[in-house]
Amino acid sequence: MKISETYSHLNGLEYLLVRKPELWREIQSVIAAVDATQCCVKVAQEKSAAGALLFSPVDMNAMFIRLLREKSWQESRRSYCVSRSENLVSPSLPISSEAKNLSTVPDAETPITISYNQTDFIKERVSVEFQFGKYGLMECEIFAKPLAFYVGDRIDVGIEILPMKSLQAQMSSGVPYYEGEIYNVVRQGRGVPAVPLVIVGIEP
């Protein structure tokens, strides 16, 4: 695979180039190591292209996961409490996944549950997400996950990897693509989401 386009939100790419150039080179090497031909194994079911080979999102995900883990990138979760109480929600933000005793939370109202945000990979305060799944998950991937880890002081910048439209057209229906998500970010205005991001568009 190759990088066709990058979009720097709130100077995310500039931060990587100055502060974390080795990690940016590592991401570039991982993308280059993904062999697109090995992922072209999904048989189209649509009448218009029945029998044609398409790029498999599952195989592509698996290849990215393997390559990033080989370079010591690790999944990360950040837990938090959910409640109707405004006083409880704010203090609950730093609660760790080990905090099972909810009575220690400084409020009389009991939280509904402990939930969590999860990001695919983090290394040295940089997160990486790649989305080759369903379109409905993309808003969370860009507008919720990176912000939760940024506000929680776990990351300084997030990287989002997406297929270009040219690649998405050869994948299963419903897969989000770079050009569409750039539009979704730009239309929100300069400060949304309030976290530095690098959105990367890839193709074979």
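User: Why do Lys-145 and Glu-129 count as forming a salt bridge?

Analyst: In this predicted model, the closest N and O atoms of Lys-145 and Glu-129 are 3.8 Å apart. The cut-off for a side-chain nitrogen of Lys and a carboxyl oxygen of Glu is 4 Å, so the pair is a salt bridge. Lys-145 lies in helix H6 and Glu-129 in strand S6, so the bridge ties together parts 16 residues apart in sequence.

User: What makes Lys-145 and Glu-129 buried or exposed?

Analyst: Lys-145 has 14% relative accessibility and Glu-129 has 1%. Buried means under 20%, so Lys-145 counts as buried, and so does Glu-129.

User: How do you know that Arg-125 and Asp-153 form a salt bridge?

Analyst: Their closest N and O atoms are 2.8 Å apart. That is within 4 Å, so the pair meets the rule. Arg-125 lies in the loop between S5 and S6, and Asp-153 in the loop between helix H6 (138-151) and strand S7 (157-163), so parts 28 residues apart in sequence are tied together.

User: What makes Glu-124 and Lys-20 a salt bridge?

Analyst: The N to O distance between their side chains is 3.9 Å. The limit is 4 Å, so the pair counts. Glu-124 is in the loop between strand S5 (113-123) and S6, while Lys-20 is in the loop between helix H1 (12-19) and helix H2 (21-33), 104 residues apart. Lys-20, at 16%, is buried, whereas Glu-124, at 43%, is partly exposed.

User: Why is the pair of Phe-64 and Phe-130 called stacked?

Analyst: A pair of aromatic rings is described by the distance of the centres and the angle of the planes. The ring centres of Phe-64 and Phe-130 are 5.2 Å apart, and their planes stand at 25°. Phe-64 belongs to helix H4 (residues 57-70) and Phe-130 to strand S6 (residues 126-130), 66 residues apart. Phe-64 is buried at 0%, and Phe-130 is buried at 5%. Phe-64, Phe-121, Phe-130 and Phe-132 form one aromatic cluster.

User: Where is Tyr-177, and what lies over the face of its ring?

Analyst: Tyr-177 is in the loop between helix H7 (165-168) and helix H8 (178-186). Lys-165 lies over the face of Tyr-177, at 4.5 Å from the ring centre. Beyond its neighbours within four places in sequence, Tyr-177 is in contact with residues including Leu-162, Pro-163 and Lys-165. At 24%, Tyr-177 is partly exposed.

Notes: Residues numbered from 1 in each chain as written. Predicted model: local features only at pLDDT ≥ 70, side-chain atom pairs only at ≥ 80, totals over all residues. Heavy atoms only, no water. Phe/Tyr/Trp six-rings, centres within 6.5 Å; stacked < 30°, edge-to-face > 60°. Helix = DSSP H or I, 4+ residues; strand = E, 2+ residues; numbered from the N terminus. Buried < 20%, exposed > 50% of the residue type's maximum accessible area, 1.4 Å probe, protein only. Lys NZ or Arg CZ within 6 Å of the ring centre and 35° of its normal. Contact = heavy atoms within 4.5 Å.
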